[in-house]
Amino acid sequence: MIADSVLRTARAGDEDRVLVLTLARPEALNAIDNALLAALHAALDGLESTLAAAPLSVRAVVLAGDGGRAFSTGMDLKERAAFDDEELRAQRREIVRLITRVHELPVPAIAAVEGFALAGGFELALACDLIVAARNAMFGLPEVGVGVFPGGGSTQTLTWAVGPARARDVILTGRRLGADEAERWGIVARVVEPGGALDAAIALAERVAAGAPIAVRQARRAIASAHRALAEGLAGENALYEEVLVSADRREGFRAFAEKRPPRFEGR
């Protein structure tokens, strides 16, 4: 096992064919700061190197959050509140690149969700092939409440998964979905009892890993091709988000969050 302060990496499963990446900032509900973002990229670099040397050594990836209270609550807004515009742009490029890398992993990815999966945490889960959720899981995209909108792909991936009406219901209101509702909507593949998401995700990953690698790879590509406009949609989302990123309302939203008060938006 490779471990550091923000990300744990381990092999799991009967034949150690499953790579488990655990976001390890439980004191911050596994919010993603620059250190965790860098660690995730490093872990994916390591996975790519491993697969280049031994293509069948890892057959699936499981993403999980530490502590049981959250998968991830998204980007660390306390850290971001101190960023200037260029620092925000730089971090955003890295989170977009991370989510793109998860989308494009050469092996299936499964999210194991306990507790909150909010904002970028929900978007990271949506980038995975499958989501296994504990019954206490709670999903949401609350970004409009702090002066931005979801910019990690979910305007495209969530709309693809649930349709535009339901996507608008979640994105424009910032409301949260419980695990059972998320399963009914087709976001979550399986719901398990609290505390069981990681074990269930590893078991599911092992079942996927038992399939013929080339068949699994081509099936994933075929499913992805059903949404042929995804790359174009993500590029459009990125351009729109760049405009919001430098708005006065975004600055006010981040300040209000850090100061634990309601934001005073002015529409500029």
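Me: Is strand S4 largely enclosed or left open?
Reply: In this predicted model, five of the six residues of strand S4, residues 60–65, are buried, so the strand is largely enclosed by the rest of the structure.

Me: Which strands pair with S4, and how do they run?
Reply: Strand S3 (residues 18–23) runs parallel to S4 and is joined to it by six bridges, with Leu-23 having Gly-65 as its bridge partner in S4. Strand S6 (residues 109–113) is also parallel to S4, through four bridges, and there Val-62 has Ile-110 as its partner.

Me: What do S3, H1 and S4 make?
Reply: Together with helix H1, residues 34–53, the strands S3 and S4 make a right-handed β-α-β unit.

Me: New topic: how many salt bridges are there in the whole structure?
Reply: A search finds 18, including one between Arg-135 and Asp-180, whose closest N and O atoms are 2.8 Å apart. Arg-135 lies in the loop between strands S8 and S9 while Asp-180 is in helix H7, so this pair ties together parts that are 45 residues apart in sequence.

Me: And what about Glu-252, is it buried or exposed?
Reply: Glu-252 is buried, at 8% relative accessible area, and it forms a salt bridge with Arg-255 at 3.6 Å, a residue that is partly exposed at 40%.

Note on methods
Residues are numbered from 1 along each chain as its sequence is written. This is a predicted model: local features need pLDDT of at least 70, side-chain atom pairs count only at pLDDT 80 or more; totals for chains, interfaces and linings use all residues. Side-chain values use heavy atoms; hydrogens and water are left out. Buried means under 20% relative accessible area, exposed over 50%, partly exposed in between (1.4 Å probe, protein chains only). Helices (H or I, at least four residues) and strands (E, at least two) are DSSP runs, numbered from the N terminus. Two strands pair if DSSP finds at least two bridges between them. A crossover is right-handed if, with the strands pointing away from the viewer, the path from the first strand over the helix to the second runs clockwise. A salt bridge is a side-chain nitrogen of Lys or Arg within 4 Å of a carboxyl oxygen of Asp or Glu.
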